[in-house]
Amino acid sequence: MKKHNKLSELASTAICGNDISSSVLYVSALAIAFAGQYAWITLLIVSLVLFLFRKIYGEVVGALPLNGGAYNALLNTTSKSVASFAATLTLLSYMATAVISANEAIHYLHHLIPAIPIILATIVLLSIFALLTIGGVSESAKVAIGIFLFHLGSFILLSGFIVFFLVKNGFGLFFENWHLPTTGGSITNAIFLGFAASMLGVSGFESSANFVEEQKKGVFPKTLKNMWIVVSVINPLTAIFALALFTLPVLQSDAYQNTLLIEMASYVGGDWLAIVIGVDAFLVLSGAVLTSFVGVSGLLERMALDRILPQFFLKKNKKGSSYRIILVFLLLTVSVLLITNGNVKLLAGVYTISFLSVMALFGIGNILLKVKRNRLPRPEKASWGAIIFAIIAVIVALIGNIIMKPAEGVPSNLSVFLEYFVPSILFIVIMLNRTVLLKFVLKLIHSIFDPFRNFVFKSDKKILSLIHTINSQEFVYFTKNDDVATLNKVLLYIQKNEHTKKIKVVTVTGHGNEINDQFRNDIRVVDREYPAISIDFVEIDDKFGPQLINRLSKEWGIPINFMFIGSPGDRFPYKVEELGGVRLII
């Protein structure tokens, strides 16, 4: 097989960085919606939590440098069942990320080209990145690098225009917003809800751990650092810029919530800059789709290697890609898109709860690794205080997203999450316990069908015994030097009319009735001609008559069927009643 090149720092950062950096398109607006003027503070708190997770991920993956992320961490410290729970959450997170990102990307493109059909174009976009991933991770990385660099360049361009605008017009609006009444009733509540919403901005940070085997040695911790720098700069800075450009009520309106960066670009640079940001939004959200395909490929391949998923998924193409995993994931994402009829915002609950749960489980995996596998060498270690604080922070964010009131007519995050999580975890449970379930099914089948089977076996045995008994009854034919034609008539009659497969050909040699060699040869001829009939030739030195026939019938324990073959007009020389139970066949 062709040797595949490992990913460089830039390529690895770009693959997972497109996902985490795409959060700038929505997380700043989301944080402002809940935390108001304190949004940039909540985003800085998120940056602090992510800084702690750098060490957590670095220690676990440094000690266990295998694909799988939280699944791999828990597999080596707990059991397959617990690890599979984390894997299910990760899979749901990737599924929701792929569908939401692809759909949002097409919405941005639709904003530029209104004639584009959204659902069909979303399916096409998902298919393009599935095919790109099948083409190999190295080839995918080239596209990811281009998108990532364009995204950073676009943000720098937008930031330059905003800074120029603010230098010219001042920061007065920022301070006006700062003194407005607190959103959510109190500063604490506002920061709590804003932090819970802002934690979505680090989605994608876990992706690097899911394809660590494809990265060059020493690259993984650098990807964590690079992602942390990106998200720590662009998200809080975007919130500050937004608060300095628009009033808080405007920022919290639906229009600005959906397309904040485009509105900012249009305000400070005009339509052409808005178009650049729209193209950037389309590309970087598409890059997040690529992140999902690459991450899920590494995760499910590891699960298949651990025999949790069928070995069917391990088949690779010439490029070294697990194409079956990618195609199945593509079908899953397309089906979810069609089920939701394009209203993929319903998946927000799946995306939120699954991602935050995976982060918490990874922190727990680090604790278990310290306790159970402390002797494993690792390039860096996270302190106990950092781990506990990070886990508590993620749990707080998780609780905040669960209790967060949904918009009118929209189901809660938890209810939507359970709709997808329950069927997924049931499938995994079945796969983990498939041998037990198969044994149960086998036992159930036996309990239902064994009585019928025993009846069939007994009936079969009795019927075969009866057939054998019938076929074992002998037919006795008395002859006196008959030729081969006459013997053939006898065998034909038995074959067509009798059940027996045995015949005694009897000749009585008393009173000088000698048997010639031709007759014996004729017996051998018909024996070869009818292999299915057993022929037993018997010579008896006695006088032929009723007494002999009745005596032989008693000795042999069989009723003798007497066949008389003669020329037309010949008379049988004995009376039937003289032959006792003998059946006369003319």
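Guide: Start with aspartate 306 and arginine 302, whose side chains meet in a salt bridge. Keep in mind that the model is predicted.

Visitor: What makes the contact of aspartate 306 and arginine 302 a salt bridge?

Guide: The N to O distance is 3.2 Å. The cut-off is within 4 Å, so the pair counts as a salt bridge.

Visitor: Why is aspartate 306 called buried?

Guide: Its relative accessibility is 15%. Buried means under 20%, so aspartate 306 qualifies. Arginine 302, at 11%, counts as buried too.

Visitor: How many salt bridges are found in the whole structure?

Guide: The search finds seven. One of them joins glutamate 59 to arginine 378, at 2.8 Å, N to O. Glutamate 59 lies in helix α3 and arginine 378 in the loop between α17 and α18, so the pair ties together parts 319 residues apart in sequence. Glu59 and Arg378 are also linked with Lys370 in a network of salt bridges.

Visitor: Is glutamate 59 buried or exposed, and how do you know?

Guide: At 1% relative accessibility, glutamate 59 is buried. The limit is under 20%.

Visitor: What makes lysine 55 partly exposed?

Guide: Its value is 38%. Lysine 55 forms a salt bridge with glutamate 380 (3.6 Å, N to O).

Key:
Residues numbered from 1 in each chain as written. Predicted model: local features only at pLDDT ≥ 70, side-chain atom pairs only at ≥ 80, totals over all residues. Heavy atoms only, no water. Buried < 20%, exposed > 50% of the residue type's maximum accessible area, 1.4 Å probe, protein only. Helix = DSSP H or I, 4+ residues; strand = E, 2+ residues; numbered from the N terminus.
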